[in-house]
Amino acid sequence: TMVVAGVFLVARAYPLFQAVPDVLVVVASIGLITTLIGATMALVVTDLKRILAYSTISHLGLMMLSLGAFGYTAAIFHLLAHGFAKALLFLGAGSVMHGADKTDIQEMGGLRYRMPITAYTFAIGALSLAGFPLLSGFFSKDEMLLAVLHGRNPIFLVITLGIVFLSALYMARATLSVFWGDLKPENEHAHEAPRSMAVPMLVLAVGALGAGYIALSFGDYPGFISFLTNGEHKFELNIWLTAVSVVVSLGGLGLGYAIYGRHAISTEPIIRRFGAVHRLLANKYYLDNIYQWAIDK
């Protein structure tokens with residue numbers, strides 16, 4: 001609740017922001033910077049819950065970007081869809097910690113053989129956040145991209161599509177590194193979550209699969225977007241933008257599968273070649289160091 005409070009409050013006070021439209025440029029810019037920082041950090045950390053935490057930062061940035069592009073309905077819609085998927089992923093990470101007693105993805109692999117419910121529900125949440133077609137995150141992601149297309153400079157859209165690619169890539173990394181591949185001997189003791197933990201994951205998986213469909217109108221039901229705006233706006237679909245976003249998402253998932261699923265591509269040469277960039281990301285842009293330096297001084 002506290003994590004998304006900023007997004008909700010900006011949306012709730014939106015008439016104040018609309019009264020001074022120049023402020024929304026600042027909101028969009030900060031959102032874009034935030035989502036880029038979060039996505040790039042999620043690519044290199046090895047602690048499962050930290051990957052999800054930086055993913056959350058990135059998606060909050062996307063929501064703020066959408067708000068700054070006059071897409072407050074898209075931001076609230078993604079807040080809902082993201083909530084289902086990310087809650088599912090964090091519970092899945094807790095199940096892994098409970099069943100395998102590990103948090104470092106480098107020490108995992110093949111856990112789906114011991115934890116099938118956790119593995120497949122986690123995969124649903126990850127695919128939803130990656131924007132896989134027809135899952136919840138796909139619908140809300142497209143609404144935010146549409147808002148950025150109409151409300152901001154094209155460079156914002158290009159960078160946002162890059163974020164969509166990174167989001168699919170780090171979600172594939174987290175899922176495949178933990179649950180796919182061969183089961184390591186040191187993880188033979190891993191076990192599935194008890195019913196009290198498995199049932200909530202299954203319930204949230206249903207939300208991650210189907211919550212996006214509330215945006216569509218059915219009979220007398222106007223759709224979630226229309227409901228938020230008292231009928232002023234409805235769910236829109238831009239065919240070419242949707243096609244591009246699907247290609248970008250599937251491209252990120254495909255690259256993730258090649259690296260972390262089939263191990264056809266090694267990341268070691270890339271890390272060696274771009275060592276300075278990797279150190280920057282692994283050290284979280286040295287933001288903690290800057291904070292500590294400021295406190296010390």
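Predicted model: local features only at pLDDT ≥ 70, side-chain atom pairs only at ≥ 80, totals over all residues.
Okay, let's start at isoleucine 290, which sits in helix α14 (helices here are DSSP runs of H or I, at least four residues, numbered from the N terminus).

Residues are numbered from 1 along each chain as its sequence is written, and side-chain values use heavy atoms, leaving out hydrogens and water.

Now, helix α1, residues 5–12. Val7, Val10 and Ala11 are buried there. Seen down the axis of α1, those buried residues fall within an arc of 100° (taken from the directions from the helix axis to the C-beta atoms), so they line one face of the helix. The face turned away from that buried side carries exposed Leu9 and Arg12.

On to the cores. A nonpolar core is a set of buried Ala, Val, Leu, Ile, Met, Phe, Trp, Tyr and Cys residues joined through side-chain atoms within 4.5 Å. The largest one has 61 residues, and Leu48, Val96, Leu111, Met171 and Val178 touch the most other members. Which helix gives the most to this core? That's α8, with 15 residues. There's also a second, separate core of 18 residues, including Ala11, Tyr14, Phe139 and Ile225.

Conventions. Helix = DSSP H or I, 4+ residues; strand = E, 2+ residues; numbered from the N terminus. Buried < 20%, exposed > 50% of the residue type's maximum accessible area, 1.4 Å probe, protein only.
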